[in-house]
Amino acid sequence: MAVRHYTLDFTLSPAVDSLSTVPGLLSIFHEQELTETVHDTDGHGYLATFVGKNGRFGMLRVHSRGLVTIDLQCYEEDNIAQLDNLLNALEKKLKALLDENITRIKKLPALVRGAKVDRYWPTADGRLIEYDIDQVVYEEDSAYQNIKILHSQQYGNILVLDGDVNLAESDFAYTHAITGKGKENYAGKEVLILGGGDGGILAELVKQRPKMITMVEIDQKVIDGCKMYMRKTCGDILDNLQGDCYQILIQDCVPLLKKYAQEGRTFDYVINDLTAIPISTTPEEEPTWDFLRLILDLSIKVLHPTGKYFTQGNSANLTEGLALFEEQLGKLSCPVDFCKEVVCVPSYLEQWVFYTAWKK
């Protein structure tokens with residue numbers, strides 16, 4: 001079962017008494033065989049709810065400063081064309097009733113709530129995005145996270161981890177940015193990838209004939225899903241955990257980084273594809289910051305003196321979080337310089353910041 005939620009709102013000119021519009025608005029609902037119940041708002045405008053056939057539910061709110069909001073809910077199996085016509089008729093009659101006293105009118109597409117296939121995901125800065133998702137092609141709960149791969153008509157299959165959009169098959173811009181935007185020569189180099197379970201980074205870098213790529217991914221189930229349903233991103237690289245110039249280790253990267261640091265092992269490139277940086281310093285985010293600081297420090301320790309460290313940041317709009325991350329770069333046990341670049345990643349629907357760091 002799913003519910004479609006339609007919204008229509010309009011603003012009246014200051015010359016109009018908002019409450020005087022109520023009788024005309026009620027007549028529109030009555031024409032649709034909706035019965036109202038008026039609620040006490042304690043002097044804050046007018047509020048009525050409406051119930052009609054097939055479980056339809058409406059709400060009319062006339063606010064005290066000229067804003068009028070109308071909500072209409074119906075079941076997904078209801079006659080959608082009839083509901084669309086109802087809203088169009090409602091908008092047309094409102095304009096006729098109120099003539100030139102409407103200064104603004106806005107009707108939004110229906111919000112579908114409770115559907116089997118979820119189409120709504122928030123951006124990093126808290127805006128709601130509706131994707132054209134039509135199918136869940138893979139879903140598993142691992143010991144670490146919920147893993148979904150969803151099909152989008154525009155973006156292809158999309159990897160979603162714990163409710164966060166990670167990467168779509170359309171998102172080569174992400175892979176291009178986190179590997180240096182084509183400016184680096186990986187031939188004959190030692191490369192360490194932290195995370196990267198979708199296989200996109202690994203698939204691109206093996207083409208450049210590096211000496212060896214070590215990819216450390218903690219979650220086998222991410223690899224299992226991606227090698228079946230993200231092949232436009234990873235090709236066949238995840239079919240085997242070892243190749244001529246790469247190895248995939250299924251383990252926690254922290255003990256391994258500590259081991260490499262103790263052994264004095266270094267890499268020409270360290271690519272951190274584990275997680276975006278936290279967006280704030282709230283207590284809830286502190287464990288993520290602790291993890292990020294640890295990964296940063298260990299990564300720089302295993303970086304060759306002339307090597308480069310690549311990582312994603314977060315949305316370009318999250319200036320506080322980005323500033324805090326840059327502050328952490330200045331507190332590492334080994335001093336570093338850094339630069340950043342803003343890239344449009346198609347399925348993110350927002351500008352995304354990527355960082356490059358190197359030892360001073």
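This is a predicted model: local features need pLDDT of at least 70, side-chain atom pairs count only at pLDDT 80 or more; totals for chains, interfaces and linings use all residues.

Residues are numbered from 1 along each chain as its sequence is written, and side-chain values use heavy atoms, with hydrogens and water left out.

**The sheet**
- Seven strands line up as E15-E14-E13-E16-E17-E19-E18 in an open sheet with mixed pairing; strands are DSSP runs (E, at least two residues), helices likewise (H or I, at least four), numbered from the N terminus, and two strands pair if DSSP finds at least two bridges between them.
- E15 (246-250) and E18 (336-345) each have a single partner strand, so one side of each lacks a neighbour in the sheet.
- E14 (residues 212-217) and E15 run parallel, joined by 5 bridges; Thr214 has Gln247 as its bridge partner in E15.

**A helix on the sheet**
- H7 (residues 253-263) packs on the sheet and touches E13 (190-195), E14, E15 and E16 (267-273), where contact means heavy atoms within 4.5 Å.

**H7 meets H8**
- H8 (residues 286-301) has 16 residues.
- The two helices pack at about 30°, axes 9 Å apart; axes are lines fitted to C-alpha atoms, for helices over the stretch in contact, and angles run from 0 to 180 degrees between N-to-C directions.
- Residues in contact include Leu257 and Ala261 in H7, and Ile295 and Leu298 in H8.

Terms used. The expected span of a helix is 1.5 Å times one less than its number of residues.
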